[in-house]
Amino acid sequence: MTSILSAIEPLMNECLGPASAVGVFRTLPQPVHQEVGSLTVVEVRELLLHLETSVRLFARPGKAMAPGKLRDAITGGAPAKAREERYPISSDRDVLVVQRATQMLTRGFFGITDGVRLATAVSELARNIYMYAGRGEVTLRLSEEPNAFVFGIFAVDQGPGIPHLETIMKGDYRSSTGLGRGIVGTQALLNSMHVDTAPGKGTRITGERRVRKS
Amino acid sequence: MRLGHCVFVSVPAELTDSHARFLQETVSQRLSVADGVRGLVLDVSALSLIDSFAAKILGETASIARQFGVKGVLVGVRPSVAITLVELGIDLRHVETALTLELALEKLQLRIVSTDA
C-alpha cells in the first residue's frame, strides 16, 4: 500500500531539492494520492506530463531525472490499466462525439496522422451503425503493453447485419449511401480488424491499431 | 460568401452528416440562381478529418457546381487528412484541389478585384 506521492517523493526531492519539490507536489492532480499501479494509461500520461515539465523547469544542475524512473514509480513498473469509454450511437451527432473522443484519447500516445486515421476509422464504423442499424454502441479502449500502446475499437449493433460481406471486403461493392468503401477503408486504417455479422443478428466489429513506445 | 466571380465556402469544423447535406443544398441553391459565378472554393482547413461520407459530399458538391458551369476547387486539406483519405481508398481525382486560396484562385484564373481599369 504505497501512494504514488510517496513513491515519487524521493526521486523528486533528489532532482529538484526538497523546497521546490514541495511546491510541485501542491500542484499535482488528484490521482497522485492513489495507490501505485492503480492509474489508467490516460491518468499516468497526465501525471507524467505534469512531473516532467516541473523537472525540466526546476531540476538542480547535474541532477537530471533518469528517463522512465518517474513512470516506473507511478505504475510500479507494470503497464498501466486500460482506459475504456463507451458511447451509444443513434444519430449523426454521436458520430461527431466519438470522433472527438478518439482524438482526445489518442493524443499524446499516437502521432498526429495516426490520430486522424483512428478518428476516421471510428467515424466510419459509428456512421455505419446509425445509417444501417439505427442504434448501437461504440467502445474505445486504450491499453498499454510493455512495448506498445494499443487502441481498440468495438462497434456493436443489433441491426440487419451486413449482407454480402465477402463482396464488400473484396472492395468492388458500391453502396447507395457512402462510397461503399467504409469497411474496407477502415480495415486499411487499422492494423487488424474482425467483422462478425449475420442477417438479422446484428454486427460486431473489433479492430485495433498499435504504436511502439518511443 | 461571394467575391467577384467566385463563391467561397468555409466548411465548419463541427460537420455532422446533416450539416454536410444542408451545406451541399445551400451551395447548390446559391449557384443555381447566381449570375456570373465561375468558381467555387471549398475551404476545408477547419476539418480535422474527412471520412468517406464527408468526402462523398464534397465531391458531389463539386460535381453539382459543374452542372452550373462553375468550377469547384478544394482548399486546405491537412497533410494527415490527405494521407488518411488515400489509405481509406477515397478518390477525389475528379475534384480540383489547391494548396492555398491564392493557388485556387489562380486555378480558377480569377482575380478577386481589379479596380484600376
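**View 1. Strands β4(A) and β5(A) (residues 202-212) pair up in the antiparallel sense over seven bridges.** Strands here are DSSP runs of E with at least two residues, helices are runs of H or I with at least four, and both are numbered from the N terminus; two strands pair if DSSP finds at least two bridges between them. Look for Met193(A), which stands opposite Gly207(A) in β5(A). This is a predicted model, so local features need pLDDT of at least 70 and side-chain atom pairs count only at 80 or more, while totals for chains, interfaces and linings use all residues. Residues are numbered from 1 along each chain as its sequence is written, with chains lettered from A and ligands numbered from 1 in the order written.

**View 2. Zoom out to an open sheet of five strands in chain A, ordered β1-β2-β3-β5-β4 with antiparallel pairing.** At the edges sit β1 (83-89) and β4 (192-198) of chain A, each pairing on one side only.

**View 3. Helices α5 (residues 92-106) and α6 (residues 112-133) of chain A have axes that come within 9 Å and cross at roughly 155 degrees.** Axes are lines fitted to C-alpha atoms, for helices over the stretch in contact, and angles run from 0 to 180 degrees between N-to-C directions. That makes α5(A) roughly antiparallel to α6(A) (angles over 145 degrees count as such).

**View 4. Here, 19 residues of chain B are in contact with 22 residues of chain A.** Contact means C-beta atoms, placed from the backbone, within 7 Å. On chain B's side, the largest share, six residues, comes from α3(B).

Terms used. Contact = placed C-beta atoms within 7 Å. Parallel < 35°, antiparallel > 145°, perpendicular 65-115°, else oblique.
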